[in-house]
Structure formats: structure tokens, C-alpha cells
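Work through the exercises below with the sequence and the coordinates at hand. A worked solution follows each task.

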Amino acid sequence: MSSIKILAIETSCDETSIAIVENGTNVLALTTNTQISTHAKYGGVVPEVASRMHAENITIVLNETLEKADLKIEDMDAIAVTYGPGLLGSLLVGVNFAKTLAYIYKKPLLAVNHLIGHIYANNIENKLEFPLLTLIVSGGHTELLYMSEDYNFKLLGETLDDAIGESYDKVAKVLGVPYPGGPIIEKLAKQGIDSYKLPLPVNDGTYNFSYSGLKSSVLNLVNKEKMHGREIRKEDLACSFQKVAISEICLKVNQALQEYNVKQLVVAGGVSANQYLKEELVKVCQQYNTEVTIPSLIYCTDNAAMIGAAAYYLYQNKIYANLDIDACSYLNICE
Amino acid sequence: MYSLLIDTHSNILNIILYKDKKFYASISRETPSQSKLLVPLIQNIMDEQNIQINEMSEVIVVNGPGSFTGVRLGVTVAKTISYCLNIDIKSISSLDLLALSIEKETNYSVAIKDPKGYYIGEYSKDGILQNEYFYLNKDEFLTYETKNEVIQDTQISWNNVYKCNLLKIEDYYNIKPLYIKKIEVEK
């Protein structure tokens with residue numbers, strides 16, 4: 001088998017990440033410079049600050065990645081970059097950086113959808129087996145899709161309001177938990193018991209999700225308890241919230257498994273790092289003999305290795321981008 | 001010896017090619033999207049002149065102030081070229097770039113407009129910067145304008161770039177855009 005090496009670049013949010021991926025699966029080097037500590041001061045990602053940090057760090061991250069793999073840009077077969085969706089200013093830095101490399105070294109440019117990257121993160125340690133269901137759960141997305149083959153997506157349902165990760169972050173804010181709140185809510189939930197009553201998701205027969213109602217219920221509950229002078233048991237509320245939030249996911253996945261005969265449930269996006277989500281999905285999928293695939297933590301969160309993994313298909317099929325490609329902050333997975 | 005200058009501080013994207021430090025060729029394009037056109041226009045100018053990018057011996061970037069996104073992209077592309085080709089990178093500010101195209105008998109200020117106000121540089125009649133750049137909102141600018149000789153629009157004399165000593169030697173890891181104006185979280 002010939003060795004195809006792709007230099008992949010990801011700057012869609014607050015991680016400056018560059019990887020070298022061989023044949024879409026073998027990660028030869030991965031460097032991710034995270035800006036979490038900077039944005040924590042502001043209680044969330046500040047787009048202009050994120051863009052500035054990407055521009056400052058990107059050549060340093062490139063140099064470190066090349067050194068780790070002991071390779072040169074000349075050794076690459078293609079340059080891949082996330083062109084959306086994400087924060088526009090951040091994406092623009094990566095896209096223009098990638099275009100410059102592709103131009104100077106006369107390499108094909110591969111424009112990768114960030115969400116497809118998250119799905120193909122599962123091809124690094126596992127192998128995608130079609131047909132499959134894929135669940136994208138992150139700070140910006142909650143989507144359930146059916147894939148019959150590589151790059152063939154059918155959207156079954158998506159969130160009508162907040163993304164699941166967003167609801168974790170918003171609840172974290174209500175509970176006064178520092179940014180990034182999602183992982184801390186999960187930790188608190190582990191120490192708590194499910195003792196607060198929150199409305200359960202309704203089964204409306206669709207595959208769509210909704211999280212703003214749940215967030216409002218948590219907010220109302222906290223205000224009510226405060227009014228009565230009762231202290232909020234953060235651990236318990238986190239536990240009750242998480243249970244409802246994840247039960248909605250499981251409900252829809254269960255429904256989809258009844259309708260579609262698939263080999264795998266592929267979980268993608270930052271929230272797939274959530275251990276409770278994983279346990280609950282495994283329980284659901286066991287009933288259907290469906291394998292649950294979730295990447296390890298480094299490939300769950302935003303990283304360039306997944307972009308290299310997703311770009312391999314584009315390279316094989318010669319789906320190259322032109323140098324006048326622009327970043328798109330909103331991008332549908334089915335486009 | 002060729003060198004390349006990238007100017008993305010405004011909605012007019014300028015790519016200038018110098019040969020032996022003299023103006024050689026240029027492409028200017030008014031565009032709302034530097035991101036789309038910046039690299040293609042660099043490719044165009046090279047192709048038109050039948051020159052390879054790796055024949056460049058230095059890259060100059062107008063690193064602001066001006067459009068945040070514009071100067072960030074200009075700096076990103078310039079430092080990537082400098083890193084890849086291992087060539088020198090130099091910067092010149094947008095205000096200096098305008099000032100070196102102006103001939104005056106008295107002291108003057110140069111202003112660059114953005115949607116909410118103006119970036120200002122104050123120069124002596126010999127074109128020497130008098131103090132640090134600053135930013136004025138529209139109201140402040142109206143008052144400022146009555147007390148100072150302000151020049152906003154001028155034809156840039158690209159040939160003067162190498163005649164002046166305003167080019168700052170940078171390195172590809174540490175070069176930064178000049179943003180000047182504070183953003184909300186910095187206030």
C-alpha cells in the first residue's frame with residue numbers, strides 16, 4: 001500500500017491544531033495549541049482573541065508538528081484544512097495559511113467540513129463500517145445522521161434550538177461553574193443523585209432535539225429555590241440535568257435503530273468525551289447488536305488529525321479545492 | 001532579487017512586486033473578501049511576470065492598523081511565505097505607507113477610516129512620526145480635524161517603500177499585526 005501523507009490544519013474555534021496523517025488513519029504527528037486558559041478569563045471564547053492567537057501561533061504549531069514527524073512539507077501529498085463551520089475569523093487564518101502552503105509547494109488543497117472531520121475521527125482508531133448512524137454532539141451541534149457509504153449523509157434530525165454542549169455550558173453558568181463548564185457539570189453529576197424534578201423530553205416522533213426548554217427549567221428551578229431560601233445542591237442538579245439531557249439523545253437513537261439496520265453508531269464531537277453519554281448509548285445499542293464507536297479524548301475534541309482522516313477520501317477522489325476558496329462559518333454537512 | 005509586498009489593511013488589496021528594490025509590477029483589487037483573493041492574486045502576479053514564488057528574497061507586509069481581519073490575513077500569509085522559503089520578513093505600518101507618499105511644508109496627520117472611527121498618525125513635515133498611533137471615534141475625529149491638518153486619501157507611491165527607512169525587520173514567529181484599537185474585552 002502506498003503511503004499518502006496529508007498535512008491537516010484545524011482552526012475553527014479555540015484550538016490551533018496541525019497534524020500529519022498517513023492514509024487517513026495513521027497519525028504521524030499531532031500538535032494542538034489550546035487557548036482555553038485565555039478564554040476562561042472572559043467566561044467563553046472571544047472570537048477576535050481566538051483569531052489573533054491562531055495567527056500568532058500557527059507557524060510555531062506547524063514547525064513543532066513537522067519536527068515531531070521528522071518530515072518536511074515537501075514530503076506531503078496534500079494540504080487539508082477546515083473551511084467551516086466555525087468562527088469565521090478563526091477559520092480564515094487556517095484557510096489562508098493552508099492556501100499559502102498549497103500554493104508554495106504546489107500541493108492539492110483539500111477543504112474539509114469540520115463536522116465530517118468529527119465523524120472521521122472514528123476512522124483513526126477504529127474503522128467506519130457502513131451503513132452506520134452518526135451522532136454529532138458538541139457545543140454547536142446536535143445532529144443524527146445516516147451514512148450508507150463514505151461521504152454520503154442523510155440528516156435524520158437536529159436540534160431546533162440550543163446544542164447539547166451549549167446547554168451544558170449554560171447550565172454551568174447558572175450553577176456558577178467556571179468555563180469550560182461542560183466537563184465540570186459531568187464531574188459534579190457523578191457525585192450527585194438525581195433528586196431534582198426536570199421535565200422529560202417528549203417523544204414527538206421526529207429525530208429532532210430541543211435543549212432550550214431544559215435549560216429554562218434549570219434556571220427557573222434555581223430561581224425558585226433561591227426565593228425560598230433553599231441552597232442548590234449543585235451535584236444533584238447537575239446529575240438531574242445530565243440524566244434528562246442524555247435521555248433525549250438515547251430516545252432518538254433508540255428510535256433510529258428501530259428504523260435503520262446499521263452496523264455502528266458513530267459518536268462525534270466534543271460532548272462524545274462524556275462518559276455517562278457513552279455508557280447510556282452502549283446500553284441502547286446492545287439491544288440491537290450495534291457497535292458504539294467513540295474516539296479517544298484527543299480525537300473527540302477539536303483536532304487536526306480528524307481533518308486529515310476526513311481529507312483522505314477527498315484526496316482519493318481528487319476532490320480538490322481552488323486557491324480562491326473562502327471560509328464558511330455556517331456549513332451544512334449534507335452540502 | 002525580487003521581493004513581494006502584501007497590503008490588506010483596507011478594502012483595496014495590493015500586491016506589489018519589487019525587483020532590486022524598485023517597483024516592478026502590481027495588482028490592486030477592490031474586494032470585500034481579502035480571504036478569497038489574497039493567495040490567488042499572489043499567484044497571478046507571479047504567473048503574469050513568469051516568476052516563481054521561491055525566487056523571492058524577502059516579503060514585506062503592511063501590518064496595520066486597519067481592517068483587523070485584513071491585516072491578520074496579510075500577516076499570516078506573509079509569515080507563512082517567510083517561514084516556508086526561509087526569507088526575510090519586514091513590516092511597514094499602513095499609516096507610514098501613506099505618510100511616505102505625502103510631501104508637505106508643515107506638520108500633518110494621516111488618518112485611516114474604519115466603520116467606527118479613524119486611526120491617526122502624526123508626522124513632522126519631514127515625514128517623521130511624532131508619537132504613537134491612536135484611534136479616535138467619529139465625534140472625536142470631527143473635533144480633531146478642526147485643529148489639525150489631516151490627510152485621508154493619497155495615492156501610495158510604492159517606489160518610496162524602499163527609499164524610506166520605515167521598514168521594520170521582523171521574524172516569522174514574532175511578527176504581529178498592529179491593531180491599535182482596543183476590543184471590548186481589553187477595555
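Predicted model: local features only at pLDDT ≥ 70, side-chain atom pairs only at ≥ 80, totals over all residues.

**Exercise 1. Chain A as a whole**

Task: How many helices and strands are there in chain A, and what does the radius of gyration say about how compact the chain is?

Solution: 
1. Chain A contains twelve helices and ten strands.
2. The radius of gyration of chain A is 20 Å, and the globule rule gives 20 Å for 335 residues.
3. The two values are close, so chain A is as compact as a globular protein of that length.
4. Along the principal axes, the C-alpha atoms of chain A fill a box of roughly 65 × 45 × 30 Å.

**Exercise 2. Chain B as a whole**

Task: State the order of helices and strands along chain B, then treat the radius of gyration of chain B in the manner of the previous exercise.

Solution: 
1. Chain B has four helices and ten strands.
2. Their order along the sequence is β-β-β-α-β-α-β-α-β-β-β-α-β-β.
3. For chain B the radius of gyration is 16 Å, close to the 16 Å from the globule rule for 187 residues, so chain B is as compact as a globular protein of that length.
4. The box filled by the C-alpha atoms of chain B, taken along the principal axes, is roughly 50 × 40 × 30 Å.

**Exercise 3. Domains of chain A**

Task: Divide chain A into domains and describe the side of domain 1 that touches domain 2.

Solution: 
1. Domain 1 of chain A covers 5-120 + 299-316, and domain 2 covers 129-294.
2. Their centres, taken over C-alpha atoms, are separated by 28 Å.
3. Eleven residues of domain 1 and 14 residues of domain 2 take part in the contact.
4. On the domain 1 side, helix 1 (36-40) and helix 4 (114-120) of chain A are the elements that give two or more residues.
5. That side has six nonpolar, five polar and no charged residues.

**Exercise 4. Domains of chain B**

Task: Divide chain B into domains and describe the contact between them.

Solution: 
1. The division of chain B is into domain 1 (2-93 + 157-186) and domain 2 (96-151).
2. The C-alpha centres of these two domains lie 22 Å apart.
3. Domain 1 of chain B gives eleven residues to the contact, and domain 2 of chain B gives eight residues.
4. By class, the domain 1 side has six nonpolar, four polar and one charged residues.

**Exercise 5. Helix 2 and helix 3 of chain A**

Task: Are helix 2 and helix 3 of chain A roughly parallel or roughly antiparallel?

Solution: 
1. The axes of helix 2 (residues 47-69) and helix 3 (residues 88-105) of chain A come within 7 Å and cross at roughly 20°.
2. Angles under 35 degrees count as roughly parallel.
3. Helix 2 of chain A is therefore roughly parallel to helix 3 of chain A.
4. The crossing of helix 2 and helix 3 of chain A is right-handed.
5. Among the residues that meet are His54(A) and Ile58(A) in helix 2 of chain A, and Val93(A) and Phe97(A) in helix 3 of chain A.
6. The contact of these two helices divides into six nonpolar, five polar and one charged residues.

**Exercise 6. Helix 9 and helix 10 of chain A**

Task: Apply the analysis to helix 9 and helix 10 of chain A.

Solution: 
1. Helix 9 (residues 234-259) and helix 10 (residues 275-286) of chain A pack at an angle of about 30°, with their axes 10 Å apart.
2. These helices of chain A are therefore roughly parallel to each other.
3. The crossing of helix 9 and helix 10 of chain A is right-handed.
4. The contact includes Ile246(A) and Leu257(A) of helix 9 and Leu281(A) and Val284(A) of helix 10 of chain A.
5. By class, the contact of helix 9 with helix 10 of chain A has ten nonpolar, two polar and one charged residues.

**Exercise 7. Backbone details**

Solution: 
1. Gly84(A) and Pro85(A) are joined by a cis peptide bond with omega about -10°.
2. Pro85(A) is in the loop between strand 4 (78-84) and helix 3 of chain A.
3. From Gly64(B) to Pro65(B) the peptide bond is cis, with omega near 0°.
4. Pro65(B) is in the loop between strand 4 (56-62) and helix 2 of chain B.

Terms used:
Residues numbered from 1 in each chain as written. Chains lettered and ligands numbered in written order. Domains from an automatic or database assignment. Contact = placed C-beta atoms within 7 Å. Nonpolar A, V, L, I, M, F, W, Y, C, P; charged D, E, K, R; others polar. Axes fitted to C-alpha atoms, helices over the stretch in contact; angles between N-to-C directions. Parallel < 35°, antiparallel > 145°, perpendicular 65-115°, else oblique. Left-handed = near helix turned anticlockwise from the far one by under 90°. Rg over C-alpha atoms; globule rule 2.2 N^0.38 Å.
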